[in-house]
Amino acid sequence: MAAYSSLFKGVVSDENIRENEPMSRHTTFKTGGSADLMLLPTSEDELLEAVKLCSENSLPYLIIGNGSNLLVTDKGIRGVVIKLGRDFAKIDVEGNVISAQAGALLSATANAALKAELSGMEFAAGIPGTVGGAVCMNAGAYGGELKDIIKEVRVLDKDEVKTLSNTQAGFVYRGSRIMNEGMIVLSAVFELEKGSKEDIRSLMDDYSQRRRSKQPLDRPSAGSTFKRPEGDFAGRLIEAAGLKGCSIGGAKVSDKHCGFIINDGGASSTDILELIDFVRKKVYESSGVMLEPEVRIIGEL
Ligand SMILES: Cc1cc2nc3c(=O)[nH]c(=O)nc-3n(C[C@H](O)[C@H](O)[C@H](O)COP(=O)(O)OP(=O)(O)OC[C@H]3O[C@@H](n4cnc5c(N)ncnc54)[C@H](O)[C@@H]3O)c2cc1C
């Protein structure tokens, strides 16, 4: 892959082209082997050109944001990882509308809403993802989902930049047409309502307090490991199966919230994957429910 890095010279600046980049630096689980090549574009033009070069040269590529919903295998990722982060993170507020580039953190976008006294995004303030990752996943919390506040999404669909309406984006629980069809989120427009700064702040504080008291935020994880099964909660089923605190290597079912598998120190992605499989098997045996991972498992197996 080293040979290919020269393809991107002049498209993305040299310091934003990284060979054999450890993915443990780019995932909140803090695990995972290296990506052959990582690119960190700083503008839409750089991103579009980089994707075009990957396609023309038949190089597989993956777009990531903050890596807060990713489990990268220990063998790492063959191909190019394009990370949209703090250099692709412009946020603009106009009236009751906020436009944010894909690399903007949801927390920063929610804080911009607070500053502009716009309500509707409070639920998203504590989700540690980027706008791109969160739109693609239709992230949600405390009864809200991104689909409730999205007006439109600018995407790269194959080689065409398009604007999708909320309906065209095809949002479903923790997914979207954008994800299913491999589109790239470039930016999103959120439509909010005028509110009072005090009320917005107090709701954000309340959600943040609830997160701190219920979630193992002091340990690396990717949030809820499993999707919520119809009519129940993954955490409740895991606890009922007697798996609270259960561990394989450095991976552990959190004592604080059984829906979270955490890296309790020195875990490998293999430990986490084995624990995911074990939990699914045991929960199925005890309840008949087959849990589906919410974390995106990627990389060479
Ligand atoms: C402590 C903790 C708490 C969490 N709480 C919540 C919660 O309350 N609710 C919730 O929904 N999630 C939660 N999560 C999970 C995670 O934060 C969300 O899924 C988030 O939306 C992922 O965003 P990201 O930028 O980190 O995406 P990544 O993890 O980098 O990527 C996730 C997926 O999105 C794709 N993707 C990323 N960027 C783009 C883009 N620009 N265009 C197209 N595809 C893209 C990736 O290819 C991948 O398939 C939590 C995670 C942690 C660690």
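Hi everyone. A few ground rules before we look around. What we have is a predicted model, where local features need pLDDT of at least 70, side-chain atom pairs count only at pLDDT 80 or more, and totals for chains, interfaces and linings use all residues. Residues are numbered from 1 along each chain as its sequence is written, and side-chain values use heavy atoms, with hydrogens and water left out.

Let's start with the ligand. Which residues come nearest to the ligand? Of the 34 residues around it, they are Ile63, Gly65, Ser68, Thr130 and Gly140; "around" here means having a heavy atom within 4 Å.

Now for some polar contacts, which are pairs of N or O atoms within 3.5 Å; within protein, one must be able to donate a hydrogen and the other to accept it, and residues adjacent in sequence count only if both atoms are side-chain atoms. A backbone N or O atom of Ile63 sits 2.7 Å from a ligand oxygen. For Gly65 that distance is 2.8 Å, and for Asn66 it is 3.0 Å. On its own, the ligand has 980 Å² of accessible area, and the protein covers 93% of this (Shrake-Rupley method, 1.4 Å probe; for residues, only the protein chains shown count as cover).

Who builds the shell? Elements giving two or more residues are β3 (61-64), α4 (131-137), β9 (140-141) and β13 (184-191). Helices (H or I, at least four residues) and strands (E, at least two) are DSSP runs, numbered from the N terminus. The most comes from α4, with 5 residues. Domain 1 (2-83) and domain 2 (91-213) each supply at least three shell residues; these bounds come from an automatic or database domain assignment.

Have a look at Thr130, in the loop between β8 (118-119) and α4. Is Thr130 buried or exposed? Thr130 is buried, because its relative accessible area is 4% (buried is under 20%, exposed over 50%, partly exposed in between, with a 1.4 Å probe and protein chains only). A polar atom of the Thr130 side chain lies 3.1 Å from the backbone nitrogen of Gly133.

Finally, the cysteines. How many disulfides does the structure hold? There are 0, a disulfide being a pair of cysteine sulfur atoms within 2.5 Å. Cys258 is in no disulfide either, with the nearest cysteine sulfur, that of Cys246, 9.8 Å away. Cys54 is buried at 0% relative accessibility, and Cys258 is buried at 6%.
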